[in-house]
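Let's take a walk through this chain together. Have the sequence and the 3D view open side by side, and follow along as we go.

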Amino acid sequence: MKIQNYGWIAAAAICMACAGQAQAADAAKPGAKASSAADSADSAVVARMGSVEVQRGEVQAMLNALAPQARAQVKANRTLLDNMVRGRLAEKALLQQAQSQNWAQRPEVKAQIEAATREIVFRSYLASVSAVPADYPSDKELNAAYERTRSNWVDPAMYRVAQIFLPAPINDAAAVARARKQADDVARQAQAPKADFTALMKKYSQDPGAQQGSDTGMIALSQLLPEIRPVVATMRKGQVSAPVQSAQGFHILKLVDERPQQTATFAQVRDRLRLGMRQERQQQAAQAYLQGLLDKQSVTVDGAALGSVLEATR
């Protein structure tokens with residue numbers, strides 16, 4: 001949807017109008033009274049500012065609209081939800097002011113509302129005529145797609161690396177010479193049997209996380225410095241490297257852990273694969289439907305008139 005491009009006032013006005021129409025239609029249905037209890041719960045007020053209210057159903061809709069990760073963050077931090085509700089109150093108060101001034105009747109705003117309405121109708125109707133069957137894709141089609149795209153589901157090898165870092169800018173010859181000598185000495189200590197790499201890190205390393213004994217966590221080679229990548233790629237778990245020079249200084253590395261390259265299983269990617277296939281099929285159906293409309297009738301384009309428009313465009 002591109003409704004945000006027409007301004008939140010136009011979008012809000014349209015949404016309120018649609019909500020009003022939906023409520024009127026629901027009230028006219030024979031079973032409308034049967035759902036009155038649920039409607040009453042949804043209409044319970046959870047926040048108020050003067051005459052402006054936010055109801056329980058609105059908050060639930062806001063939460064449902066969030067991505068799962070964002071929803072989990074809100075659940076873990078109540079302040080985020082409070083801020084969302086306060087923001088909704090402010091939006092409603094502003095909209096109320098606009099309505100009191102008949103803002104929606106201003107010519108430029110009416111034009112935006114009409115454009116947004118056309119966009120909503122277009123997208124909604126196109127989605128309805130290009131809907132993908134509920135049973136697509138079948139298990140057989142999913143399995144075939146997985147086998148066909150198996151290389152796309154490969155997770156790279158991952159490495160967890162700790163380092164002792166001794167700074168020495170590459171353009172400072174004296175600093176490089178001093179750091180190289182120290183790095184050789186520290187590396188010998190770190191490679192000794194039963195050496196305590198974490199203790200040596202805390203003693204010598206100038207890396208910001210050294211005092212906490214931290215490491216990189218599991219990351220791909222591409223996330224490491226180019227000078228470090230070939231060294232880490234050939235190390236064994238628990239091994240300590242010789243000093244590795246980069247533009248910043250010297251790095252003495254320890255491979256804390258590693259995980260080889262692996263291909264995600266069909267079960268792991270099934271839901272993502274299904275969603276992607278349905279989206280692709282829907283896009284194809286939508287394009288075919290639009291093309292079909294063009295093919296049904298003769299289309300004439302005035303090239304000269306089109307060219308004059310292009311030339312007049314600055």
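Let's start at a loop: K194 lies between α8 and α9. Its phi is near 65 degrees, a positive value in a residue that isn't glycine. K194 is exposed, with a relative accessible area of 88%. Keep in mind throughout that you're looking at a predicted model.

For the overall picture, the chain's secondary structure comes to 12 helices and 8 strands. Buried residues account for 25% of the 314 residues. Of the contacts between residues at least 6 apart in sequence, 66% join residues at least 24 apart.

N102 isn't a glycine either, yet its phi is about 55 degrees. You'll find N102 in the loop between α5 and α6, and with a relative accessible area of 53% it is exposed. Which of its residues are buried? In α5 they are L81, V85, L89, A93, L95 and A98. While you're around here, look at R106: its charged end sits over the ring of W103, 4.1 Å from the ring centre.

Move along to the loop between α6 (107-129) and α7, where P137 is found. Y136 and P137 are joined by a cis peptide bond, with omega at about -5 degrees. Y136 has another feature to show: the charged end of R281 sits over its ring, 3.9 Å from the centre.

Now for ring against ring. The structure holds 1 aromatic pair. Y146 and F266 make up that pair, edge-to-face, with 5.6 Å centre to centre and 70 degrees between the planes. The pair links distant parts of the chain, as Y146 belongs to helix α7 (residues 139-148) and F266 to helix α11 (residues 266-296), 120 residues apart. Both Y146 and F266 are buried.

Next, the sheet. Four strands form an open sheet in the order β5-β4-β7-β6, with antiparallel pairing. At the edges stand β5 (218-220) and β6 (244-245), each with a single partner strand, so one side of each has no neighbour in the sheet. Between β4 and β5, which run antiparallel, there are 3 bridges. To see how they line up, find Y159, which stands opposite I219 in β5.

What goes into the largest nonpolar core? It has 18 residues, and those with the most contacts inside it are I164, F197, M201, Y204, F250 and I252. Two or more residues come from each of β4 (158-167), α8 (173-191), α9 (197-204) and β7 (249-259). The most comes from α8, with 6 residues. For a closer look, pick I164: among the residues it touches are V186, F197, L200, M201, Y204, F250 and I252.

Finish at S241, in the loop between α10 (229-233) and β6. Is S241 buried or exposed? It counts as buried, because its relative accessibility is 5%. Leaving aside residues up to four places away in sequence, S241 touches A187, Q191, V231, M235, H251, I252 and L253.

Note on methods. Residues numbered from 1 in each chain as written. Predicted model: local features only at pLDDT ≥ 70, side-chain atom pairs only at ≥ 80, totals over all residues. Heavy atoms only, no water. Core = buried A, V, L, I, M, F, W, Y, C linked by side-chain atoms within 4.5 Å. Buried < 20%, exposed > 50% of the residue type's maximum accessible area, 1.4 Å probe, protein only. Contact = heavy atoms within 4.5 Å. Phe/Tyr/Trp six-rings, centres within 6.5 Å; stacked < 30°, edge-to-face > 60°. Lys NZ or Arg CZ within 6 Å of the ring centre and 35° of its normal. Pairing = 2+ DSSP bridges.
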